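Visitor: I have a chain open here and would like to talk it through with you. Could we start with single residues and then move on to the overall fold?

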Amino acid sequence: MEKTLYATMRALPGQEEHVASLLSALSKDVRAEPGNVRFVVYRLESDPAFFHVEETYRDQKAFEAHIAMPHGRRFNDAIKTLVEGGASTVVFLTAVN
């Protein structure tokens, strides 16, 4: 069963482009993971400091491999001083159909 989630974060004032750059680099690494199905980064049109990331992995094992990747740890360490609350907010989803 696929593992799907979304993550949101708001860049601190003046850090919007830095966060966007970090997310762009992260997306290339995550999309190269063998278990990744989808990784799309969005910015809210009405608030470009707000980022929304949609992620889907082949299954739980692929997701666990993803969270063990060094590029994810580097990203999470880097945003500690760049986004509100020092981290993204992650929401796991379950398909209805």
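Visitor: Is proline 48 buried, partly exposed or exposed?
Guide: This is a predicted model, and in it proline 48 is partly exposed, because its relative accessible area is 44%, which lies between the 20% limit for buried and the 50% limit for exposed.

Visitor: Where does proline 48 lie, and what is it in contact with?
Guide: Proline 48 lies in strand β3, and, once neighbours within four places in sequence are left aside, it is in contact with Glu16 and Arg43.

Visitor: What about threonine 56, buried or exposed?
Guide: Threonine 56, which lies in strand β3, residues 47-57, is buried, because its relative accessible area of 8% falls under the 20% cut-off. Leaving aside neighbours within four places in sequence, threonine 56 is in contact with Glu2, Lys3 and Thr4, as well as with Gly35, Asn36, Val37 and Arg38.

Visitor: OK, switching to the core. Which residues touch the most other members?
Guide: The largest nonpolar core holds 19 residues, and Met9, Val19, Leu23, Phe51 and Tyr57 are the ones that touch the most other members. At least two residues of this core come from each of β1 (3-10), α1 (16-31), β3 and α2 (60-67), and the largest share, five residues, is supplied by α1.

Visitor: Which residues does phenylalanine 51 touch?
Guide: Not counting residues up to four places away in sequence, phenylalanine 51 touches Ala7, Thr8, Met9 and Ala11, then Glu16, Val19, Ala20 and Leu23, and also Val41, Tyr42 and Arg43.

Visitor: And arginine 10, where is that one found?
Guide: Arginine 10 is found in strand β1 and is partly exposed, with a relative accessible area of 27%. Apart from residues up to four places away in sequence, arginine 10 touches Asp47, Ala49, Phe50, Leu82, Val83 and Glu84.

Visitor: Let's look at a loop: where is the place of alanine 68?
Guide: Alanine 68 sits in the loop between α2 and α3 (70-78), where it is partly exposed, with a relative accessible area of 44%. The C-alpha atoms of alanine 68 and aspartate 29, which are 39 residues apart along the chain, are separated by 13 Å.

Visitor: Zooming out, what pattern does the chain follow along the sequence?
Guide: The chain has three helices and four strands, and read along the sequence they follow the pattern β-α-β-β-α-α-β. Among contacts between residues at least 6 apart in sequence, 68% join residues at least 24 apart.

Visitor: How does the radius of gyration look against a compact globule?
Guide: The two agree, because a compact globule of 97 residues would have a radius of gyration near 13 Å and the chain has 13 Å. The C-alpha trace spans about 40 × 30 × 20 Å along its principal axes, and buried residues make up 32% of the 97 residues.

Visitor: Last topic, surface and charge: how many positive and negative side chains are there?
Guide: There are 11 positive and 13 negative side chains, and the centres of the two sets lie 5 Å apart. The accessible surface of the chain comes to about 6000 Å², and 55% of this surface belongs to carbon and sulfur atoms.

How values were computed:
Residues are numbered from 1 along each chain as its sequence is written. This is a predicted model: local features need pLDDT of at least 70, side-chain atom pairs count only at pLDDT 80 or more; totals for chains, interfaces and linings use all residues. Side-chain values use heavy atoms; hydrogens and water are left out. The radius of gyration is taken over C-alpha atoms; the globule rule is 2.2 Å times the number of residues to the power 0.38. Buried means under 20% relative accessible area, exposed over 50%, partly exposed in between (1.4 Å probe, protein chains only). Contact means heavy atoms within 4.5 Å. Accessible areas come from the Shrake-Rupley method with a 1.4 Å probe; for residues, only the protein chains shown count as cover. Lys and Arg count as positive and Asp and Glu as negative; His and the chain ends are not counted. The place of a charge is taken as NZ of Lys, CZ of Arg, CG of Asp or CD of Glu. A nonpolar core is a set of buried Ala, Val, Leu, Ile, Met, Phe, Trp, Tyr and Cys residues joined through side-chain atoms within 4.5 Å.
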